[in-house]
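Hi,

Here is the structure I promised to pass on. Have a look at it first, and my notes follow below.

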Amino acid sequence: DHAVVENNEIYDVTYGIYDKDNGDSNVFRLNYVHGDGTRCNYGIRIASRNGNTIRDDQVYQNIVRSCTVGVEVDGGSSPNVRTLVYNNTITHSATAVSVSSGSTDAQVYSNIIYRATGTGGVTTSNGAIAYADYNLYDPSWSGSPGANSIRDQNPKLIDDAANSVDDFQLQATSPALNAGRNGQHIGAYITGSETIGLGAVVAA
């Protein structure tokens, strides 16, 4: 409980990061998880099991690229309560964010969800998302994305075919600039000077 997982580059895995069975207030931030020709079934998975409860986890400022599911919040037959998924950049994944049954009071906001390649950008079931808004997403969202979300627009990353974390920053003309919750940028780079994964980034 109260663990922090940060500044990792993870690839060629079934589960990049997996929190299960009784996690409480764990934080997953500033990680780079990707497939890019290698295996990546789940980028970040928050999924309670065996009758245990996961509560108050936070997933933010991660970059997830080319995974089958970018971020999954799943309760199954076990409760998953108040997971926050915000300020992530998720690209080229079959499903960017999946919030499924057994989850309650999940929040999904200020994420870039771009170039989803399969069933959808965001999928949800049974009203599992309590709050969703201020996301930039393309192409699709199952449910209500929120009045302040930006739909079907290119986020104008420096290079959306990038394999380097530096290239996931926003161009000066990006619609994601200052368009997130509380006026912050949408996506993983809030200031532009964060270190995500293993690589240092210098603000332009």
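Predicted model: local features only at pLDDT ≥ 70, side-chain atom pairs only at ≥ 80, totals over all residues.

Valine 59 is buried, with a relative accessible area of 0% (buried means under 20% relative accessible area, exposed over 50%, partly exposed in between, with a 1.4 Å probe and protein chains only). You'll find valine 59 in strand 8; helices (H or I, at least four residues) and strands (E, at least two) are DSSP runs, numbered from the N terminus. Phenylalanine 28 is 31 residues away from valine 59 in sequence, yet the two are 4.9 Å apart in space, C-alpha to C-alpha.

Residues are numbered from 1 along each chain as its sequence is written, and side-chain values use heavy atoms, with hydrogens and water left out.

Cores

Valine 59 also turns up in the largest nonpolar core, which has 27 residues: together with Ile44, Val97 and Val99, Val59 touches the most other members. A nonpolar core here is a set of buried Ala, Val, Leu, Ile, Met, Phe, Trp, Tyr and Cys residues joined through side-chain atoms within 4.5 Å. Strand 3 (13-19), strand 6, strand 10, strand 14 (95-99), strand 16 and strand 19 each give two or more residues to this core. There is a second, separate core of 17 residues, including Leu136, Ile150, Val165 and Ala179.

Strand 16 and strand 19 follow with 4 parallel bridges, where glutamine 107 faces tyrosine 131 as its opposite residue.

A further open sheet has 7 strands in the order 2-5-9-13-17-20-21, with parallel pairing. Its edge strands are strand 2 (9-11) and strand 21 (150-151). Strand 9 runs parallel to strand 13 (residues 89-91), joined by 3 bridges, and isoleucine 63 stands opposite threonine 89.

Strand 10 deserves a look too. With 6 of its 6 residues buried, strand 10 is largely enclosed by the rest of the structure. Strand 6 is joined to strand 10 by 5 bridges, running parallel, with alanine 47 opposite aspartate 74. Another 4 bridges join strand 10 to strand 14, also parallel, and there valine 73 has valine 99 as its bridge partner.

Rings

What do the tyrosines opposite each other in the sheet do? Tyr60, Tyr86, Tyr109 and Tyr131 form one aromatic cluster. Rings of Phe, Tyr and Trp (its six-membered ring) pair if their centres lie within 6.5 Å; planes under 30 degrees apart count as stacked, over 60 as edge-to-face and the rest as tilted. The whole structure has 6 aromatic pairs. One of them is tyrosine 15 with tyrosine 18, a tilted pair at 4.5 Å centre to centre and 40° between the planes.

Tyrosine 109 also has the charged end of arginine 181 over its ring, 4.4 Å from the centre. For this, NZ of Lys or CZ of Arg must be within 6 Å of the ring centre and within 35 degrees of the ring normal. Arginine 45 does likewise over tyrosine 42, at 4.5 Å.

Disulfide

The structure holds 1 disulfide, meaning a pair of cysteine sulfur atoms within 2.5 Å. Cysteine 40 and cysteine 67 form it, with their sulfur atoms 2.0 Å apart. Cysteine 40 is in strand 6 (residues 40-47) and cysteine 67 in the loop between strand 9 (63-65) and strand 10 (69-74), 27 residues apart. Both cysteine 40 and cysteine 67 are buried.

Cheers

Note on methods: Pairing = 2+ DSSP bridges.
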